[in-house]
Amino acid sequence: MARAVRSSDGHGHAGLDMDVSIIIPTYNRLWSLPETISSCPSGDSIEIIVVDDGSTDGTWAWLQSRPDVISLHQVNQGKPAAANAGFARASGEYVRFLDSDDALITDSARDQLAYALSTGSDICVAGYLAEYVASGNRVLHAWEDCGDFLAQQLGECDSSHYSAYLFRRQFLNDIRHRPEFAFRDDRMMVVECAVKEPSVAVWNQPTLLHRHHLQPRTQFRSGSVAIVTHWQELQMYRQIAARLTEAGLLTDRRRAAMANNIWPLALRIAGHDRREGRAALEWLWSLYPGFIIPKGGINDLYRVLGVAVAQTLVNAARTVRNTGRATWRG
């Protein structure tokens, strides 16, 4: 059971009308959490909800010194459970889910909220800045409008980052972060939102600073966890395809969009298990028979030699590389 500590200055008290709830799940991110919180807009109509998912680095003790934050604590259950706990406590007209190692571009995020409130849209989207911490470089990922929000989320074009989105809380209804897609939970959530055909407003400024740092991130894993991550992503596409087929919404355009993501995913799966990778590719072509292997890079190897031969060579090269690394480390 999550337990809450409310602010002493009235910020976030029940009974106040909130414009937005900023929900920050966190686990052992005390090195970044203070900056994340400081980047959030402040005001009587803005509540910041931090859910400590059983951190062991002093996060919960530190949160006790922050009366401006609604703090929730739970035993370690993973990000989906933490995000859902924060959502259950939220009272804002809009909600934003923010990773505790990223930050908001404060003024733009505040203006985005004002714009969302003026439009009443189900989702207000924006672009983001990618910050590469080691070099200090920042790269703009502006919002790319492809004209079909669902096709965009399925892979037709860049869909920004969901922490740059504001979701109308009532629109989410029964949509939650799904524990069964723990490493792709945010992607599954946004796709489920897109299936509901929301009204979408576009704020044409970046609102998120998405950090690429040297600390581990949940979406980039290796070893056995990577295998689970790839399996979860494939099951996500299978579920969504089945749901769209049943609803009569799986157009050729959306099939093609999904194929854009399933192709590299199937190759990653084949890197662990050729049989499973082949099954994923067979499903891809049954989903979208018109799929053509993209040009460029390693894809050209598959285009020229065929999938079976190319995958054999890729796996052999991977084995040699891994053996060499093991020998060097030994």
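I counted a residue as buried when its relative accessible area is under 20%, as exposed when over 50%, and as partly exposed in between. I kept in mind that this is a predicted model.

Entry 1. I searched the whole structure and got 17 salt bridges.

Entry 2. I checked glutamate 131, whose side chain meets that of arginine 138 in a salt bridge at 3.1 Å, N to O. Is glutamate 131 buried or exposed? Its relative accessible area is 12%, and buried means under 20%, so glutamate 131 is buried. I also noted that Glu131 and Arg138 belong to a salt-bridge network that includes Glu35 and Arg211.

Entry 3. Next I looked at aspartate 148 and arginine 254, whose side chains form a salt bridge (3.2 Å, N to O). Aspartate 148 is in the loop between β8 (137-141) and α5 (149-154), while arginine 254 is in helix α9 (residues 252-272), so this pair ties together parts 106 residues apart in sequence. I found both aspartate 148 and arginine 254 buried.

Entry 4. I went back to helix α9 for arginine 268, which links to glutamate 233 in helix α8 (residues 223-247), 35 residues apart. How accessible are the two partners? Arginine 268 is partly exposed, with a relative accessible area of 35%, whereas glutamate 233 is buried at 9%.

Note on methods. Residues numbered from 1 in each chain as written. Predicted model: local features only at pLDDT ≥ 70, side-chain atom pairs only at ≥ 80, totals over all residues. Heavy atoms only, no water. Salt bridge = Lys/Arg side-chain N within 4 Å of Asp/Glu carboxyl O. Buried < 20%, exposed > 50% of the residue type's maximum accessible area, 1.4 Å probe, protein only. Helix = DSSP H or I, 4+ residues; strand = E, 2+ residues; numbered from the N terminus.
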